[in-house]
Amino acid sequence: TEVGIHSTEHILSVATSQVDLIETIQGLNNDPAVHGILVQLPLPKHIDEKAVIEAIHPDKDVDGFHPINVGGLVAGTATLKPCTPYGCMLLLKSIYPDLSGKLAVVVGRSNIVGKPMASMLLQADCSVITVHSRSQNIEQLCSQADIIIAAVGRPKMINADWVKRGATVIDVGINVVDIDGKRKLVGDVDFNDIEPLVHAITPVPGGVGPMTIACLMKNTLTAASNQVLNK
């Protein structure tokens, strides 16, 4: 409402069938008053997440997860991009107007963050290394990076030994941990350990999260504009 976007929530039972969920999506696809569709993930185990994502019309896919939009991202033609890596890129470009030639290490290879993040960094002319659970010498690779994107889902996995002085660290991780009997949110990066060494670092919470929401709003505006222009 604050940015002029009218939002309607469709809350379905956890027992909703895949057929009924896809019928709901098709109804929204066919409604010209609806410009963007977002299905909250993860879904119940009896529902095929891939089939649901593919049911969303790519022009209304404000999450940027539809295969057509994913292909467009890899080809450099996408207008609707995955919101979290998109937000990370905006943060990086606010620090480095020119990312050309920088070595970026992406820790994690998920379809939501890791893979699209690597594609966006490549398009910005970075040299990109993606590491994951099967990678060897991860700490050594990270220690060479100008930019580290941490998106692996392991609390405080990356500490000062992993990071060279002057690097920039974007922490996408959101992990709930018990500290002194209280549940707290922490990232994949040990912020206090790394912060004195780096050029820039994002906190958790309050870093990438707000950028994800902002990029979702931007995608919605882009989707609406494209649909109006293409009528």
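Predicted model: local features only at pLDDT ≥ 70, side-chain atom pairs only at ≥ 80, totals over all residues.
Me: How many cavities of 30 Å³ or more does the structure hold, and which residues line the largest cavity?

Reply: Rolling a probe the size of a water molecule over the atoms shows where empty space is left. On a 1 Å grid over the protein atoms alone, a cavity is a set of points where a 1.4 Å probe fits but cannot get out, and lining residues have an atom within 4 Å of a point. Grid points are joined across faces, edges and corners, and a volume is the space filled by probe spheres set on the points. Here there is one cavity of 30 Å³ or more, and the largest cavity has about 40 Å³ of space. Its lining consists of Val 39, Leu 41, Ile 53, Ile 56, Asp 61, Asp 63 and Phe 65.

Me: How many of the residues lining the largest cavity are nonpolar, polar and charged?

Reply: Ala, Val, Leu, Ile, Met, Phe, Trp, Tyr, Cys and Pro count as nonpolar, Asp, Glu, Lys and Arg as charged, and the others, Gly among them, as polar. In the largest cavity, five lining residues are nonpolar, two are charged and no residue is polar.

Me: What is the volume of the largest pocket, and which helices each supply at least two residues of its lining?

Reply: A pocket is an open set of grid points with protein on both sides within 12 Å along at least five of seven lines. The largest pocket has a volume of about 1,500 Å³. Its lining counts 43 residues, and Ser 7, Thr 8, Ile 37, Leu 38 and Val 39 lie nearest the centre. By class, 25 of the lining residues are nonpolar, 13 polar and five charged. Helices (H or I, at least four residues) and strands (E, at least two) are DSSP runs, numbered from the N terminus. Helix H1 (18-29) and helix H8 (208-229) each supply at least two lining residues, and H8 gives the largest share, six residues.

Me: Which residues make the nonpolar surface patch?

Reply: Patches are made of residues with over 30% relative accessible area and no salt bridge, with like charges joined within 9 Å and nonpolar side chains (Val, Leu, Ile, Met, Phe, Trp, Tyr) within 5 Å. Accessible areas come from the Shrake-Rupley method with a 1.4 Å probe; for residues, only the protein chains shown count as cover. Val 3, Ile 213 and Met 217 make a nonpolar patch of about 280 Å². Val 3 sits in the segment before H1. Buried means under 20% relative accessible area, exposed over 50%, and partly exposed in between (1.4 Å probe, protein chains only). Val 3 is exposed because its relative accessible area is 59%.

Me: Where are the cis peptide bonds and the positive phi values?

Reply: Most residues other than glycine have a negative phi, and most peptide bonds are trans. The bond from Leu 41 to Pro 42 is cis, with omega near 0°; Pro 42 is in the loop between H1 and helix H2 (49-55). The bond from Val 204 to Pro 205 is also cis, with omega near -5°. Asp 125 has a positive phi, near 70°, and is exposed at 51% relative accessible area. Asp 180 has a positive phi near 55°, and its relative accessible area of 76% makes it exposed.

Me: How many salt bridges does the structure hold, and which residues form them?

Reply: A salt bridge is a side-chain nitrogen of Lys or Arg within 4 Å of a carboxyl oxygen of Asp or Glu. The structure holds two. Glu 54 and Lys 50 meet at 2.9 Å, N to O; both lie in helix H2, four residues apart, about one turn of the helix. In the other bridge, Asp 146 pairs with Lys 164, the closest N and O atoms being 2.9 Å apart. This pair links distant parts of the chain, 18 residues apart.

Definitions and conventions: Residues numbered from 1 in each chain as written. Heavy atoms only, no water.
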